[in-house]
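Hi,

Here is the structure I promised to pass on.

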Amino acid sequence: MFLAQVIGSVVSPVQHPSLDGRTLLLLRPVGPTGERCAKTRIAVDRSGAGVGDRVLAIDEGNSGRQLLGVPDAPIKTIVIGVVDSIELAGEGVYDHREG
Amino acid sequence: MLIGKVVGSVVATRKDEALTSHKLLLVQVHDQLGAARDQYVVAVDSVGAGHEDMILYATGSSARQTSLTKDKPCDAVIMAVIDSWDLGGENVYEKWNEG
Amino acid sequence: MYLARVIGRLVASVQYPGLAGVPLQILQPLDEDGADMGQTLVACTSVSSGPGDLVHFVDGREAALACPETFVPVDATIMGVVEQAFAGDRDLTDEA
């Protein structure tokens, strides 16, 4: 699992049927303090996340497909939670109420 | 998949039993303009590629998705021999015009 | 999944069985600014994408699951043609 910042959304009417009805979000993977740490990617939303949210995501197919209950779908990156707060070495480094 | 050129072969008498009798080819990675990168992989050949052929190879767990490499310790497999490719409508590589 | 631009097409008549008829296209992955991100790669496509299109693709073993035959050595497949992509208030479909 990794932390990411939701920075946008993607709409593709022409797409593989397994994506129909699913929301696609643009994610910037970040470290605990919000700095970018990996390549920007697109994820299927499962948590009702929106632009500006700090989220928890996975980029590993098998567990993701189990979560969605679609064992044969070509889906790999999924937002599985919206983060409320993060603590690093006893100190709060992120709180969603502060944005 | 990445584009590569078969530049040699690798023989290993002492290797994992699962790899016995597999053809191992030395592949030099090429970019979309056909220029060689300073990057090599050893790949199992699943299509009968020959010396100097431009090929496509797949990596990671996808490389084990052939009848030859299923459940074998293999992370790169040659899965196509390239005839041609174009960029923006301009042919970059044509097999029939090579050497 | 990643955002990418289709920059070319590739033809291979000798392919692993099960891949016949699956189009192969050359992709340049893009970042959140619409700028090139990393090396180009070749992907199968599960939709009617073509050169110039902004697309998204799945990598890894899941890429094979989007092909007609799913037990194939494929590690990247185009999953959709992007009509709208916003990063902040910037429309990525306008760029590049």
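Let me start with a detail in chain A: A:Ser85 stands opposite A:Asp95 in strand E8(A). That strand (residues 91–95) runs antiparallel to E7(A) (residues 85–88), and four bridges join the two. Helices and strands here are DSSP runs (H or I, at least four residues, for helices; E, at least two, for strands), numbered from the N terminus. Strands count as paired if DSSP finds at least two bridges between them. The hairpin of E7(A) and E8(A) has two residues between the strands, and A:Ala89 takes a positive phi near 50° there.

Before the interfaces, a word on conventions. This is a predicted model, where local features need pLDDT of at least 70, side-chain atom pairs count only at pLDDT 80 or more, and totals for chains, interfaces and linings use all residues. Residues are numbered from 1 along each chain as its sequence is written, while chains are lettered from A and ligands numbered from 1 in the order in which they are written.

Now, which chains share the most contacts? Of the two pairs of chains in contact, that is B and C. A contact means that the C-beta atoms of two residues, placed from the backbone, lie within 7 Å. Chains A and B have no contact with each other, and their closest C-alpha atoms are 11 Å apart.

For the B/C pair, 28 residues of chain B meet 26 residues of chain C. On the chain C side, E1 (2–11), E2 (14–15), E4 (41–45) and helix H1 (62–65) each supply at least two residues. E1(C) gives the largest share, five residues. By class, this side of chain C has 18 nonpolar, five polar and three charged residues. (Ala, Val, Leu, Ile, Met, Phe, Trp, Tyr, Cys and Pro count as nonpolar, Asp, Glu, Lys and Arg as charged, and the others, Gly among them, as polar.) There is strand pairing here too: E5(B), residues 76–81, and E2(C) are antiparallel over two bridges, and B:Val81 has C:Val14 as its bridge partner.

Over at chain A, 25 of its residues are in contact with 29 residues of chain C. The elements of chain C that each supply at least two residues to this side are E1, E5 (54–59), H1, E6 (76–81) and E7 (84–87). Its classes come to 15 nonpolar, nine polar and five charged residues. E1(A), residues 2–11, runs antiparallel to E7(C), with four bridges joining them; in E7(C), C:Phe86 is the bridge partner of A:Ser9.

Cheers
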